[in-house]
Amino acid sequence: MRFDLDTYREIADSLVRNKSRSLLTGFGVFWGVFMLLFLLGGGQGLRQLMSNNFAGFATNTAVIAPSQTTKPWKGMKEGRRWSLTYTDVERLKRMIPELETVTPMVSNWGQEAVNGANTVNANIKGVYADYSKVEEPLIRYGRYINEADVAQERKVCVIGKRIYTSLFPSGGDPCGTMIKVGPVYYQVIGVDFNSGNMSINGNADEAVVVPLPVAQKIYHRGNTIDLLCTCGRSGVKMSSLEDRMRHIIAREHGFDPTDRDATFFLNTEQIFAIMDNLFTGLSFLIWLVGLGTILAGIIGVSNIMMVTVKERTTEIGIRRAIGATPSNILGQIIMESISLTMAAGSFGIVFAVLLLSLLGSIVNGRPDAVPVDFQVSFWTAVVSALLLSILGVIAGLAPASRAMAIKPVDAMRDE
Amino acid sequence: MLIELKDVNKTYDNGQPLHVLKGINLSIDSGEFVSIMGASGSGKSTLLNIIGILDNYDTGEYYIDGRLIKGLSEKQAADYRNRMIGFIFQSFNLISFKTAVENVELPLFYQGVSRSKRHELAMQYLEKLGLADWAGHYPNEMSGGQKQRVAIARALITNPKILLADEPTGALDSKTSEEVMQLLAKLNREEGVTIIVVTHESGVANCTDKIVHIKDGLIGRIEDNREHRASMFGANTIMK
Ligand SMILES: Nc1ncnc2c1ncn2[C@@H]1O[C@H](COP(=O)(O)OP(=O)(O)OP(=O)(O)O)[C@@H](O)[C@H]1O
Ligand SMILES: [Mg+2]
């Protein structure tokens, strides 16, 4: 196979000669490539959107909350209510060394936060400083609650993004301002912009985070806490600790250790696993649909080339009679097939990239959006182009072998 | 001998076998101008295709320039056709979507001659055949005679030893037929090209120097026609 300017001209000519046929056939390939890349990019963007909801969350976190017992135990009936206490924190820390953090939380929902004329609905969360290890804040202004705030029971708060935008509509650094939440004035010490939707005890957006002892005193919580948040040391699977934690708590609070419904146990590991499975399934589906469509397009190309070869029997016979070798003919047909596939596929790639960047700019164009990348990578595009040329060869194989079977004497026969 | 056939047999087998060539013995020397005549279905085209290595024969021997032509690979056969043999067909067999000059260039394309060189040569040959003005025209914009002259230019461009023509005038009127035959005669005379023409028309055969009659797959009479007296209508006229 020689590469002469005329080689390309011949290919272009024969594709252009049957414009509508080439277009229709190319469309199948175009659509297949477009679908595959667009779905891949879209799926990736969706995945990022979803995982943004979990942003700032340690993957090996478990949250424990009390519920009602569902089994009788040692003379006590089922249906008994119980509460977590500060001793549970110490106990879990002491008895399960694999846990890096064990931190309590008390909360009070539906408080009104006021700054001058601006008001907004807020949830008070009382936490220790180490809560930031469970749900990592995205500090925009100021700082998070620290040990000293807790020890000295300072009336300070870190506000979520929605609280901030509602109470401080003109923006700027709010640190130092006093705001009233419920019955009490707090000094704002920080703004947390973490907008993940998976937040413990309400969205971080609408939270006013205060030192735990402050909330405990103001809301008269005594020794009880609402939630226990635990983080495993790196490499520790929370699901492997679940049974031990349940046992320790059951013994302390006097209920059946096998009563799984008595304790609400949320493990982020499971949630991440579910999400992972979901997206694995989704990308399998994307590949199946995308490759299936491309394959259908390729078969279309092969079919049309077959018809073309049949129509061109005399022409090919003439070429053979005046000195074309079978490999010349083979090369010509395969090149036509590759060109058609590649041209159509390139349009598919370009169109998918354009549409994805449009989608990206729409999604990322929303105010306060966390940037999401919908675009397929450069290498994905390169690999798809390579794949297309290989598929083009495969599509050309059957028609080319048919063309090679055309004998020079066939030039003589004219039907 | 440039062309030598010894006891060449050819059988077509489509369902029932058809023995078309039944032992052809024929010698043609370099520089001869020969016509092959015979009834329809007598095997003229089959013989010409074998001589042109467009088709295979079953038994016997066929030599070009002393080289046995048998069991060639497709590539070798293509090379022989490309360099040694030029073809002229009844239906011209020009490629319809290529211009005259592109058609003429094509054999050189398969020889690997550079683009500018083959264009130059093709233009020379078109000029020689009086078609320089038609170089950019497509076959469907030309008359039969012009198309056949383009085909002749295409056959000649590789400077072949042998020119094979299967009823080259079959689709032309008598005047154009005569022009084409004059052209072939001139090529034979001035450039020494060996020409074999298959024809039905005695007028066409009369333009050649030797007439080979083929009957039922065998060579019959071989007429010496150097005097060009074979046509009952007189020398150098073709009646249709
Ligand atoms: N490819 C083929 N397969 C089967 N039979 C064939 C084939 N080509 C030719 N024949 C048969 O072989 C015989 C000789 O054919 P050929 O074309 O050589 O005749 P011809 O002398 O050229 O006739 P005409 O003057 O009509 O062109 C015919 O009977 C034809 O039907
Ligand atoms: Mg014939």
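Helices are taken here as DSSP runs of at least four residues, numbered from the N terminus. In this predicted model, helix α2 of chain A covers residues 19-53 and contains both A:Phe27 and A:Trp31.

Across all chains, the structure holds 15 aromatic pairs. One of them is formed by A:Phe27 and A:Trp31, whose ring centres are 6.1 Å apart, with 15 degrees between the planes. Because planes under 30 degrees apart count as stacked, this pair is described as stacked. A:Phe27 has a relative accessibility of 46% and is therefore classed as partly exposed. A:Trp31 is also partly exposed, with a relative accessible area of 35%. A second pair, B:Tyr57 and B:Tyr62, is edge-to-face, with 6.5 Å from centre to centre and an angle of 70 degrees between the planes. B:Tyr57 is buried, at a relative accessible area of 10%, and B:Tyr62 is buried at 0%.

A:Phe27 and A:Trp31 also belong to one aromatic cluster, together with A:Phe30, A:Phe34, A:Phe38 and A:Phe351. Aromatic rings also take part in arrangements with charged side chains. The charged end of A:Arg17 sits over the ring of B:Phe97, at 3.3 Å from the ring centre. Within chain A, the charged end of A:Arg140 sits over the ring of A:Phe193, with 4.6 Å to the centre.

Helix α8 of chain A, residues 268-311, includes A:Ser302. The relative accessibility of A:Ser302 is 16%, so this residue counts as buried. Leaving aside residues up to four places away in sequence, A:Ser302 touches A:Ala395, A:Ala398 and A:Pro399.

Ligand 1 is surrounded by 15 residues, and the closest are B:Ser40, B:Gly41, B:Lys44, B:Ser45 and B:Thr46. The site is shared between chains, because residues from both A and B surround the ligand. In chain B, β1 (3-14), β2 (16-28) and α1 (44-51) each supply at least two residues of the shell. Of the elements around ligand 1, α1(B) gives the most, with three residues.

Polar side-chain atoms of chain B approach oxygen atoms of the ligand. An N or O atom in the side chain of B:Ser40 is 2.5 Å from an oxygen atom of ligand 1. For B:Ser45, the corresponding distance is 2.6 Å, and a polar side-chain atom of B:Thr46 lies 2.5 Å from a ligand oxygen. Taken alone, ligand 1 exposes 620 Å², of which the protein buries 68%.

Methods. Residues are numbered from 1 along each chain as its sequence is written. Chains are lettered from A and ligands numbered from 1 in the order in which they are written. This is a predicted model: local features need pLDDT of at least 70, side-chain atom pairs count only at pLDDT 80 or more; totals for chains, interfaces and linings use all residues. Side-chain values use heavy atoms; hydrogens and water are left out. Rings of Phe, Tyr and Trp (its six-membered ring) pair if their centres lie within 6.5 Å; planes under 30 degrees apart count as stacked, over 60 as edge-to-face and the rest as tilted. Buried means under 20% relative accessible area, exposed over 50%, partly exposed in between (1.4 Å probe, protein chains only). A charge sits over a ring if NZ of Lys or CZ of Arg is within 6 Å of the ring centre and within 35 degrees of the ring normal. Contact means heavy atoms within 4.5 Å. A residue is near a molecule or strand if one of its heavy atoms lies within 4 Å of it. A polar contact is a pair of N or O atoms within 3.5 Å; within protein, one must be able to donate a hydrogen and the other to accept it, and residues adjacent in sequence count only if both atoms are side-chain atoms. Accessible areas come from the Shrake-Rupley method with a 1.4 Å probe; for residues, only the protein chains shown count as cover.
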